[in-house]
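This briefing sets out the fold of one protein chain, topic by topic. The sequence and the model are shown first.

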Amino acid sequence: MARLMSFALTETPLMTGAKDVTRRLGFRDAKVDEWFQAVRKAMGLRKGEQVTRLCMVQMRAVSFEPLEAITPDEVRREGFPEMTPPEFVSMFCAAHRAKRCRPDTEVTRLAFVSTARTIIHVLANGLALCGKAGPPGELWPAAHRWVSFEDPGAHHANCTRCVEALLAMRVRLARPFEEYRRHASQS
Ligand SMILES: [Zn+2]
C-alpha cells in the first residue's frame, strides 16, 4: 500500500491541480516515480477515525534545500499564490514549530503529479454560480466540490463558468482572480 501524505493545509489547491510542489521535513527517502496516497489528515487521528483519501500523487523530483531558498514561483507552486517567500517561510516554521524548523532548516522538496481532477464551484446562497444544482453539501458528486463565495480559498475555484459569473458580479477582485482572467483571455 502506498504511504500516506497529508495535505491538511493545502487540500483545495491540491485538488484543483494548482499545487504540484510540496516541502516536507520528512520524506527524505521518497523516490522519483513513487506513488503516495494523499489524505486530509494522516497524524493525530482518534481511535477508529478514518483518513479521508483525496487523490494519488506520484513524485517527479526529490531534492533538498534550505527552506529559505524558496522563490516566488515555488511559493505559487506550493499553492499559496497570495504569499511572499518570507511569509511562506514563517508560516511553514510556525506549522512545524514542534520540530524546531527554522528558515535555514534543510527541507525535502517534492514535485509531483496528481490524479485530482476535481471541479471546484463557487457557492452563493446554496447554489453554484454556474447554475449547477444538486443535493446539498457532502452529497455532491465526488468530482465536484465548492467553496463559498466569501471563503478565503475562493480563488482556487476552477469551474470556468462559476469564476466568470463571479467576475461578472463585479465582486471586489482578489489578485488571483485577476490572474485567472488574464490567463483566460490569453487562451
Ligand atoms: Zn460551477
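Two strands are taken to pair if DSSP finds at least two bridges between them. Helices (H or I, at least four residues) and strands (E, at least two) are DSSP runs, numbered from the N terminus. The model is predicted: local features need pLDDT of at least 70, side-chain atom pairs count only at pLDDT 80 or more, and totals for chains, interfaces and linings use all residues. Residues are numbered from 1 along each chain as its sequence is written.

**Overall composition**

- The protein chain contains five helices and eight strands, and from the N terminus on these elements follow the order β-α-β-β-β-α-α-β-β-β-β-α-α.
- Of the 187 residues in the protein chain, 27% are buried; a residue is buried if 20 or more other C-beta atoms lie within 10 Å of its own, exposed if 12 or fewer, and partly exposed in between, with C-beta atoms placed from the backbone.
- Among contacts between residues at least 6 apart in sequence, 73% join residues at least 24 apart; a contact requires that the C-beta atoms, placed from the backbone, lie within 7 Å.

**The five-stranded sheet**

- Five strands form an open sheet with mixed pairing, in the order E1-E3-E4-E5-E2.
- Its edge strands are E1 (3-6) and E2, each of which pairs on one side only.
- From one strand to the next, the twist averages 45°; axes are lines fitted to C-alpha atoms, for helices over the stretch in contact, and angles run from 0 to 180 degrees between N-to-C directions.
- E2 and E5 run antiparallel and are joined by four bridges; in E5, Thr108 is the bridge partner of Arg24.
- Val113 belongs to strand E5 and counts as exposed, with 12 C-beta neighbours inside 10 Å.
- The C-alpha atoms of Val113 and Val57 are separated by 5.6 Å, although the two residues are 56 residues apart along the chain.
- Leaving aside neighbours within four places in sequence, Val113 is in contact with Asp20, Gln58 and Arg60.

**The three-stranded sheet**

- A further open sheet has three strands in the order E7-E6-E8, again with mixed pairing.
- E7 (127-128) and E8 stand at its edges with a single partner strand each, so one side of each is left without a neighbour in the sheet.
- Two bridges pair E6 and E7 in the antiparallel sense, and Ala128 in E7 is the bridge partner of Leu123.

**Nonpolar cores**

- In soluble globular proteins, nonpolar side chains tend to be buried together.
- A nonpolar core is here a set of buried Ala, Val, Leu, Ile, Met, Phe, Trp, Tyr and Cys residues joined through C-beta atoms within 7 Å.
- The largest nonpolar core has 13 residues, and those with the most contacts inside it are Val122, Ala157 and Cys162.
- Two or more residues of this core come from each of strand E6 (119-124), strand E8 (144-148) and H4, and the largest share, four residues, is that of E6.
- A second, separate core of 12 residues includes Leu14, Phe36, Val39 and Phe112.
- Not counting residues up to four places away in sequence, Cys162 touches His121, Val122, Ala128, Leu129, Cys130 and Ala157.

**Helices with a buried side**

- In helix H3 (residues 85-95), the residues Phe88, Val89 and Phe92 are buried.
- They cover an arc of only 100° around the axis, which puts them on the same side of H3; the arc is that of the directions from the helix axis to the C-beta atoms.
- The buried residues of H3 pack against strand E2 (21-24) and helix H2 (72-77), whereas the face turned away from the buried side carries the exposed residues Pro86, Glu87 and Ala94.
- In helix H4 (residues 160-168), Cys162, Val163 and Leu166 are buried.
- Their arc around the axis is only 95°, which puts them on the same side of H4.
- Exposed residues Thr160 and Ala168 lie on the face of H4 turned away from its buried side.

- Most residues other than glycine have a negative phi.
- Phe27 has a positive phi, near 55°; it is placed in the loop between E2 and strand E3 (35-39) and is partly exposed, with 18 other C-beta atoms within 10 Å.
- Arg100, also not a glycine, has a positive phi of about 55°.
- Arg100 lies in the loop between H3 and strand E5 (106-114) and counts as exposed, with 9 C-beta neighbours inside 10 Å.

Conventions:
Two residues are in contact if their C-beta atoms, placed from the backbone, lie within 7 Å.
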